[in-house]
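Have a look around first, and then we'll walk through one part of it together.

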Amino acid sequence: MVSSPHEAMHRIFQEHPELFSRVSEVLGVDFAPPTSFTVLPNDLTETQPLERRVDTLLRFDTEGDGSFLLAVEAQGKKDPDKPASWAYYASYLLTKYRLQPMLLVVCQDRSTAEWAARPVSFGPPQWPLLTLCPLVAGPHNMPLITNPAEVRKDLALATLAAITHATNPDIGAILKAMTNVLRDTPAVLANPIVEFIAQGMGKHPSAALWRKLVAVDLSFYKSSLSEELRAEGRAEGRAEGEARRAAEDVLAVLAERGIDVPEAVRERIIGCGDAETLGRWLRRAVTAASAGAIFGDG
């Protein structure tokens, strides 16, 4: 089954570690391009019972700046306990690997992103012991990509950008640009992207839109996830078709009986997507004295 946006926001860095270079450029921070990278275990648990896990952990090696660690955290909401956890991650990673740690927080809403980006100091106010300053990627600073040509330039960055903009009013154009490019992308590369976006849309309304686009625009791809998305899209399409026909039946009965249907009543009937409700209205339409009477509102 399709998982949550939390997974998509950090797991894409495991599949495309080089994505961090492009994200850091977008965020205006200069890191040397990596010459190699390694996905490291994300378990930061010590011998004590307390368990701590960072979402994704990567090691980057560069020519000029040596090596560093990147911890990627997906953050869905404000959590006052997180900064302390992030500070723990940083000190633990520095102690364990003897490499400088970096933290990237990925968010889907602006308020959480702005909260995560605030520097947090630890220690007495007159002499802070340390200050936490994570990099943050979210809808406030990730590019809004609706041009297929821009998607084609950097598919991984476009995917992460689409996920961070899951609730943007232009999400339809964003997702359509993705399918336009994925149609011409080899399935071995396209199918993981389809999965990441499906995860990233989560339970937002954009999830239904993505299922429909996959069912129509990417119908030739074969994978367990794409088949699942297409099946869901077809089921939704059938449900919409059945509701539309049921609404037409209600209006047809009223018209056959010569009952005037005001525009507001017509819109309510056509706009109803529940087959059970439409069936009830259809039965009432056979004997109702007026069009409005089928609703039984009182």
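**A walk to helix 6**

Of the 298 residues in the protein chain, 45% count as buried. Keep in mind that this is a predicted model. The protein chain has twelve helices and seven strands. Residues 24 or more positions apart make up 66% of the chain's contacts with a separation of 6 or more.

Now zoom in on helix 6, which covers residues 155-164. How many of its ten residues are buried? Ten of the ten are, so helix 6 is largely enclosed by the rest of the structure. Among these buried residues are Leu 155, Thr 159, Ala 162 and Ile 163.

What surrounds them? The buried residues of helix 6 pack against helix 1 (5-15), helix 2 (19-26), helix 5 (148-153), helix 7 (171-182) and helix 8 (187-201), and also against strand 4 (100-107).

Let's pick helix 8 from that list of neighbours. Its axis and that of helix 6 come within 9 Å and cross at roughly 15°. Angles under 35 degrees count as roughly parallel, so helix 6 is roughly parallel to helix 8. The crossing itself is right-handed. On the helix 6 side, Leu 155, Thr 159, Ala 162 and Ile 163 make the contact, and they meet Ile 193, Phe 196, Ile 197, Gly 200 and Met 201 of helix 8. Sorted by class, that contact has seven nonpolar residues, two polar ones and no charged ones.

Definitions and conventions: Residues numbered from 1 in each chain as written. Predicted model: local features only at pLDDT ≥ 70, side-chain atom pairs only at ≥ 80, totals over all residues. Heavy atoms only, no water. Buried < 20%, exposed > 50% of the residue type's maximum accessible area, 1.4 Å probe, protein only. Helix = DSSP H or I, 4+ residues; strand = E, 2+ residues; numbered from the N terminus. Contact = heavy atoms within 4.5 Å. Axes fitted to C-alpha atoms, helices over the stretch in contact; angles between N-to-C directions. Parallel < 35°, antiparallel > 145°, perpendicular 65-115°, else oblique. Left-handed = near helix turned anticlockwise from the far one by under 90°. Nonpolar A, V, L, I, M, F, W, Y, C, P; charged D, E, K, R; others polar.
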